[in-house]
Amino acid sequence: MFTSTDYAFMAHALRLAEKGLYSTAPNPHVGCVLTQNDQIIGSGWHEKAGQLHAEINALASATEKTRGATAYITLEPCSHYGRTPPCVNALIDAGIAKVIIAMEDPNPIVCGRGCALLEQAGITVQTGLLQAQAQALNIGFITRMTHRRPWVRLKTAISLDGKTALNNGVSQWITGEAARYDGHRWRARSCAIVTGIGTVKSDNPQLSVRHIETARQPRKVIVDSHLTIPLNAKLLQSDNELLIFSACDGGLKKKNALSSMGAQVFTIPNTEGSVDLNKMMAILADLEINEVLVEAGRELNGALIEAGLVDEMIFYLAPHLLGDDARGMIKLPELTCLEQKKELKIQDVRMIGQDIRIIARLSSHLS
């Protein structure tokens, strides 16, 4: 169905799409390559939400007439008016003869419609070329569109015996510099970073992207059941809006103080008096957050896993032993039989400096 040349051009389009990894949210990452007689005549990618889409950039860069050309696009062209006009119309007007698409758009207002409009205009359409790669690139966008929640990654740095900090709370630095820099790349591609109030009080983190050039900072999210965040917390000094999820209102004075500092408080208790994490993820999806990176302590890590809200885990294993009394990474209920264990499927293992990075997915999130 597809030739080796088709694969090469789509692979190029995917590499272009990756250039928008840190900047296109909440939109998907998309690349486009135009060819005539198996020669590239134009290419482009979606660089930032609100700006021109990949197809329009590729058409604008064309070095010769596009009539009769083939377009390789990593995502089905949009067929609706959003922040920009529909790309389907531009492809039709440009006289494109064939469009090869990696994956259909999961957005319900687009899915299948873009392909149908192209076919109605007499354009040959093929889909599914390097689909898995395109889906991996847009896993957060897909999850938000199909499940109304973000794709959730849980990142943690641990010793070889599974500890995140000494018993007195000291944790800087378990891993080496290379691993910390790699962690900032995951921050940069995330739309939001989630942590718990315990981490805020013990580490007073900034949760900002450093060491990596990025066009935007991810939003900061705190799970704070009793709304006890100190008003001098570094997160409240950030230029980015802080989202705080609580199980109680914390009093009008505290809420007004937080609001005056740019924080937005959501009060969403569950039946146990803690934050309803499922509702929190739904709210984040409504705020057009595609990918979430969790950098939290054992309590919140465990609660998210128990709620079935963690899709992927990133472990940085440092060549140290911290002992039994050091703090663990995930608090889970005691198991009474091995059948109750949480199954993981390892996706990637590699050395990052002197540390080992393992990326794994929960068995219930392997699709």
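Hi everyone, let's start at Arg 210, which sits in the loop between α8 and β9 (219–223). Helix and strand names here come from DSSP runs, with helices (H or I) of at least four residues and strands (E) of at least two, numbered from the N terminus. Please keep in mind that this is a predicted model, where local features need pLDDT of at least 70 and side-chain atom pairs count only at pLDDT 80 or more, while totals for chains, interfaces and linings use all residues. Residues are numbered from 1 along each chain as its sequence is written, and side-chain values use heavy atoms, with hydrogens and water left out.

Back to our residue. For the cut-offs, buried means under 20% relative accessible area, exposed means over 50%, and partly exposed lies in between, using a 1.4 Å probe and protein chains only.

Which residues does Arg 210 touch, not counting those up to four places away in sequence? They are His 184 and Arg 187, where contact means heavy atoms within 4.5 Å. Ser 208 lies in that loop between α8 and β9 too, and its contacts beyond four places in sequence include His 184 and Arg 187, along with Gln 217 and Lys 220. Ser 208 has a relative accessible area of 14%, so it is buried. The side chains of Ser 208 and Arg 210 are joined by a polar contact of 3.0 Å. That term means a pair of N or O atoms within 3.5 Å; within protein, one must be able to donate a hydrogen and the other to accept it, and residues adjacent in sequence count only if both atoms are side-chain atoms.

Why look here? An unreviewed UniProt entry places the feature "binding site" at Ser 171, Arg 187, Asp 203, Leu 207, Arg 210 and Glu 295. UniProt positions are in the numbering used here, with feature names shortened, and annotations may be inferred rather than shown by experiment. Asp 203 belongs to helix α8 (residues 197–203) and, at 37% relative accessibility, is partly exposed.

Now the sheet. It is open, has 9 strands with mixed pairing, and runs in the order β11-β10-β9-β8-β12-β6-β13-β16-β15. Its edge strands, β11 (263–267) and β15 (344–352), each pair on one side only. Strands pair if DSSP finds at least two bridges between them. Strands β8 (residues 192–196) and β12 (residues 291–294) run parallel and are joined by 3 bridges, with Val 194 opposite Val 294 in β12.

Next, the second annotated site. The unreviewed UniProt entry also gives "binding site" at His 53, Cys 78 and Cys 87. These span 35 residues of sequence, yet they cluster in space, with a largest C-alpha distance of 9.1 Å. Cys 78 is in the loop between β3 (70–75) and α3 (87–93), and its relative accessible area of 8% makes it buried. Cys 87 is in helix α3 and counts as buried, at 0% relative accessibility. Leaving aside neighbours within four places in sequence, Cys 87 contacts His 53, Glu 55, Ile 56, Pro 77 and Cys 78.

Finally, the domains. The chain is assigned domain 1 (4–138) and domain 2 (148–362), with bounds from an automatic or database domain assignment. Their centres, taken over C-alpha atoms, are 35 Å apart. The contact takes 9 residues from domain 1 and 12 residues from domain 2.
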